[in-house]
Amino acid sequence: MIDFYTEAQTLFPFTRDLRRDLHRHPELGFQEVRTAGIVARELSQLGLEVHAGVAKTGVVALLEGAQPGPVVLIRFDMDALPIVEETGAEYASENPGVMHACGHDGHVATGLTVARILAKHRDQLHGTVKFMFQPAEEGEGGALAMIQAGVLDDPQPQAALSLHVWNERPVGWLGVSAGPVMAGADIFHIRVTGKGGHGAVPHLAVDPIACSAQIITALQTVVSRNVAPLQSAVVSLGKVRAGEAFNVIPQTAEMNGTIRTFEPEVRSRVIERMEQVIGGVAGAMGCQAEFRVEEMTAAVINDEKIAQVVASAARKTLPDARLESGFRTMGSEDMSYVLQKVPGCFFFVGSANPEKGLSYNHHHPKFDIDEAALPRAAALMSASVFELLG
Ligand code: NI
């Protein structure tokens, strides 16, 4: 059996230097020109068939094994965030106001390390590895754009894998779970229309503010009374707006908020109950209400069998790891759209090291990872591909 962890550790100087170079030169979503250039050059040098410029800055590459077999897609995101870096690291961002504060620099370095490992063992691969280096994961729809550009066609993958370094857990920890692992996020909009009037004669008006107050209170029961206690959901209002003057009952009131759920059934149930509560309360108060939900990101849902394959690869390749099989987070990720079409597994690789001061959370201006996580990530990704195609 190939010792993937030893191979990844041997490649560590390459992985670390590459990650630090990317960290110095972060690029925002759909602007990852330099990053994508490095990715395309590295993959071409390994003899892969490379397609650059997929959905602007995405890169897709095929590594053909010596034997025919299924296609496994492995995805790494490349974008940075509009944050002013405060790590003080020697490899800190040289692009002011832009920072790799989520660890996607580590993902790109991991992906190219995996490419080196798998290319070296292509004679033992039965099938094809499809590399997907994705732009714009941070809320700008990079995964959907690549799907629209055909990343899941010709050849169609039968399985998909992706990972995230995870600073909420130390190096050595792995989160590999079946089922939902990251929440789906929705934005909702509510508009309550009454009848404006003078504050002194409320009986001649229909007050949308009093109505909204009842709606806000009643919405608190959706999660507490309509979602099963062992299931998870969040309904949060983040914005309430109505009125301009102290003595005027306005015509309308508007509210926005977010819904977070893991299971599609729970999401449907929450939206259905919100619709009933908002419509019912508004009706009782003599108002009219409009309710609209916009999907931001779907939930990340792992396939049970493929999650088992990754967990089995983890036990063989990183026997010292603390493997957690029930980990979930309310955060969201657009790998969800790939996993809606292709069964797969999105797993987490612990990357914090509190003793070295490397435990700030994702998107914090002092976020940084312990790079010891990267060979572990590369080893587990390579081993998982081999479990599927070896
Ligand atoms: Ni991220």
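The chain is assigned two domains: domain 1 (4-181 + 299-389) and domain 2 (184-297), with bounds from an automatic or database domain assignment. The model is predicted; local features need pLDDT of at least 70 and side-chain atom pairs count only at pLDDT 80 or more, while totals for chains, interfaces and linings use all residues. Residues are numbered from 1 along each chain as its sequence is written, and side-chain values use heavy atoms, with hydrogens and water left out.

Taken over C-alpha atoms, the centres of domain 1 and domain 2 are 39 Å apart. In the contact between them, 12 residues of domain 1 meet 13 residues of domain 2, contact meaning heavy atoms within 4.5 Å.

The nickel ion has as its protein donors Cys102 (SG), His104 (NE2) and His164 (NE2), at 2.1 to 2.3 Å. Donors are N, O and S atoms within 2.8 Å of the metal (3.2 Å for Na, K and Ca), and sites may look incomplete because water is not among the atoms. Along the chain these donors follow the spacing C-x1-H-x59-H. Histidine 104 lies in helix 4 (residues 104-120) and histidine 164 in strand 5, so the pair ties together parts that are 60 residues apart in sequence. Helices (H or I, at least four residues) and strands (E, at least two) are DSSP runs, numbered from the N terminus. Both histidine 104 and histidine 164 are buried, that is, under 20% relative accessible area with a 1.4 Å probe and protein chains only.

The largest pocket has a volume of about 430 Å³. Of its 22 lining residues, Glu137, Glu138, Gly139, Ser332 and Glu333 are the closest to its centre. A pocket is an open set of points on a 1 Å grid over the protein atoms alone, where a 1.4 Å probe fits, with protein on both sides within 12 Å along at least five of seven lines; lining residues have an atom within 4 Å of a point. The volume is the space filled by probe spheres set on the points, which are joined across faces, edges and corners. Strand 5 (159-170) gives the largest share of this lining, 3 residues.

The second largest pocket holds about 200 Å³ of space. Among its 16 lining residues, the closest to the centre are Pro264, Glu295, Ala298, Ala299 and Gln340. Domain 1 and domain 2 both contribute to the lining of the second largest pocket, so this pocket lies between them.

Note on methods. Buried means under 20% relative accessible area, exposed over 50%, partly exposed in between (1.4 Å probe, protein chains only).
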